[in-house]
Amino acid sequence: MVTSFNVPRLVIAAPSSGSGKTTVATGLMAAFSERGLAVSPHKAGPDYIDPGYHALATGRPGRNLDAFMCGPELVAPLFAHGAAGCDLAVVEGVMGLYDGAAGRGELASTAQVAKLLRAPVVLVVDASSQSRSVAALVHGFASFDPQVRLGGVILNKVGSDRHEVMLREALEEAGMPVLGVLRRAPQVATPSRHLGLVPVAERHTDALASVSALAAQVRAGCDLDALMALARTAPPLDCEAWSPATALTHGRDRASAPPAFGAVGSGALGAGGSSPGNGAEPADLTGALGGPPVVAVAGGAAFTFSYAEHTELLTAAGAEVVTFDPLRDEALPDGTTGLVIGGGFPEMYAPELSANEPLRAAVAAFAAAGGPVAAECAGLLYLGRSLDGKPMCGVLDADARMSDRLTLGYREAVAVSDSALARAGTRLRGHEFHRTVIEPGAGAAPAWGFTHPERRVEGFVQQSVHASYLHTHWAAEPSVARRFTEAAAARR
C-alpha cells in the first residue's frame, strides 16, 4: 500500500569530504532538538560512526540510508520508518554531493538520496582558501543536476568579518542564499583515527561536550528559522514506511545457484532446502519451549558498528535481543542461543579483549557446541586465533594483524556456503572497511564469493559460525534475520 508521508527535511551535503558536513549536521540536529523538536537523524552511505553522534544529538537512533546496499527503492521507506512522528529530519550526506559507488554514476551518492527523498540540499562549503570563487563553485554544484534542489549554503571555516563580507557578496551575486556562517573553531573538533571519528561509545562524556559545543556554534552562526522554512518546502513522499514485521513476511529472498568460486563447503546446515529461514512467514518461536530465543549482541567500546534495523528485524523475527560487552562481561547473557558480533575497533582493545579469558572461553564453547554465530569484521577478528599477537577466542584457525593498507569499498557478494545466516546462493551487497588482514582470508567453506569489483572468496563458515569482513544491511535481505533467529531457536 502506497501512502503519502511528509516530514520537513534537509540534506546536508558538501563539495568534498572534510568540508564540515558532520559538524553542521550534528550541530543542527542538536540545536533543533534543544528547541524541543523531535529530530530524526540519518546518514547517507554505510558509515557507522557519524550516526552515533547523531543519536547523541537527538536522543533517537541514527539511521543509514544506503542506496547501494539496500537498493534505491528502500531509501524512502527506511527514511519514513525512522522519521515517523518527528518534526524534522536531517540527513548527513557522504563524501562530495555527487560522489557515489565507483563506476556506478550517481548510485549511493548524496545527490541520489536527496532526489529519492525529494529533499532540499544545504551545501556546506569550506571557505578557508577562497572568496569570490565560492560563487563559481556553488553555481557548478547547483547546475550540475537540475533534479537536485540546492536551497542554500552554509559557509564553514570563515576567517574574519571581512572574509565573510566577500563571500556573502559573491553568493548574493550568484543568487544563492547564505543560511549560515561558521568561524574556525578547533575547540569543537572531534578526534579521529584510521577509520574516521572516534566512536561515541569510546568517549561518551567528551562526545557530549563536543555535541553541545557544535549546537552552540550552529545556533550562533546559522539561521535556524530559515533552515526550518527550507525544510518545510519538501513535498510529501509517496511511499509506505518500512516495517520489520512486514519486511520479514514480504521481504526479498534473493537466492540463486552460487557461481563457481572453487571449493564450496556445505556448512553446518547442509546444502539442502530444509535449513531454517526458507519459509515465507516468520515462525512463532515461543511455543511450548517457554519464551523467545535469546540473541546476544556484542556492544561496548570495541564493538560499536551496528545498524538499528538489525536489532529490529531480530526482535520482529521472535528473538529477545540482549547486549553484552566483551571488554567487561565474563559470560554470555543467560540463556544465549544465538550470538551476533558486529564491527568496531577490536585492534584498539586487543589486550583487554585477550585478558577477558572467561568470555573468550565461553564464546569458543558456544561455537563448538553448534551455537549460531554471525560475525562481521571486528567479530571476525575476535573469533580468530590471535589479533596482533594477542590470543582471541580461537574459534577460527586464523590470525589477524593491523596493516598499512586500507581495504575500502562496496562489494557484490553471493553466499558460497549454507550457514545459519544465509543459504548458499543468497545475493547481497555489502561494504568492506578495515585496516587489518586475517590469514588465511577464507576457510574451507568460505562465507562469501565477491562478484564485483573483483572475484574472490572471503570469510569462514564452520558448524553454525558465519564470519566475514563484509558489512551487510539486513533490511536488504530480511530472510537472514529470520533464518538466524530460527537457528537460535533450534538451540534451546
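## Burial and the cysteines

A residue is called buried when its relative accessible area is under 20%, exposed when over 50%, and partly exposed in between, using a 1.4 Å probe and protein chains only. By this definition Cys393 is buried, because its relative accessibility is 8%. Cys222 is likewise buried, with a relative accessible area of 9%. The structure is a predicted model, in which local features need pLDDT of at least 70 and side-chain atom pairs count only at pLDDT 80 or more, while totals for chains, interfaces and linings use all residues. Residues are numbered from 1 along each chain as its sequence is written, and side-chain values use heavy atoms, with hydrogens and water left out.

A disulfide is a covalent bond between the sulfur atoms of two cysteines. Here it is counted as a pair of cysteine sulfur atoms within 2.5 Å. The count for this model is zero disulfides.

Helices (H or I, at least four residues) and strands (E, at least two) are DSSP runs, numbered from the N terminus. Two strands pair if DSSP finds at least two bridges between them.

How many residues of strand S2 (residues 9-13) are buried? Five of the five are, so the strand is largely enclosed by the rest of the structure. In a regular strand the side chains alternate between the two faces of the sheet. In S2, Arg9, Val11 and Ala13 point one way, whereas Leu10 and Ile12 point the other way. S2 pairs in the parallel sense with strand S5 (residues 88-92) over four bridges, and Ala89 in S5 is the bridge partner of Arg9. Three bridges join S2 to strand S6 (residues 121-126), also in parallel, with Ile12 opposite Val122 of S6.

## Helices and their packing

Contact means heavy atoms within 4.5 Å. Axes are lines fitted to C-alpha atoms, for helices over the stretch in contact, and angles run from 0 to 180 degrees between N-to-C directions.

Two packed helices are described by the angle between their axes and the distance between the axes. Angles under 35 degrees count as roughly parallel, over 145 as roughly antiparallel, 65 to 115 as roughly perpendicular and the rest as oblique. The axes of helix H3 (residues 75-83) and H4 come within 9 Å and cross at roughly 70°, which means that H3 is roughly perpendicular to H4. Val75, Ala76 and Phe79 of H3 meet Val113, Leu116 and Leu117 of H4. For H1 and helix H8 (residues 224-231), the axes come within 12 Å and cross at roughly 95°, so H1 is roughly perpendicular to H8. Leu28, Ala31 and Phe32 of H1 make this contact with Leu224, Leu227 and Met228 of H8.

## The nonpolar cores

A nonpolar core is a set of buried Ala, Val, Leu, Ile, Met, Phe, Trp, Tyr and Cys residues joined through side-chain atoms within 4.5 Å. Which members of the largest core, with its 117 residues, touch the most other members? They are Phe79, Leu117, Leu155 and Leu227. Helix H1 (residues 21-34) supplies the largest share of this core, seven residues. A second, separate core has 36 residues, including Phe303, Leu332, Leu381 and Tyr469.

## The six-stranded sheet

Another open sheet has six strands in the order S13-S12-S14-S15-S23-S22, with mixed pairing. Its edges are strand S13 (320-324) and strand S22 (460-462), each with a single partner strand, so one side of each is left without a neighbour in the sheet. Neighbouring strands are turned by 15° against each other on average, direction ignored. Strand S15 (residues 373-376) and strand S23 (residues 465-468) run parallel and are joined by four bridges; Ala467 in S23 is the bridge partner of Ala375.

Helix H12 (residues 357-368) packs on this sheet and touches S13, strand S14 (336-341), S15 and S23, its direction making about 110° with that of S14. Helix H14 (residues 479-489) lies across strand S12 (294-298), S14 and S15, at about 145° to S14.
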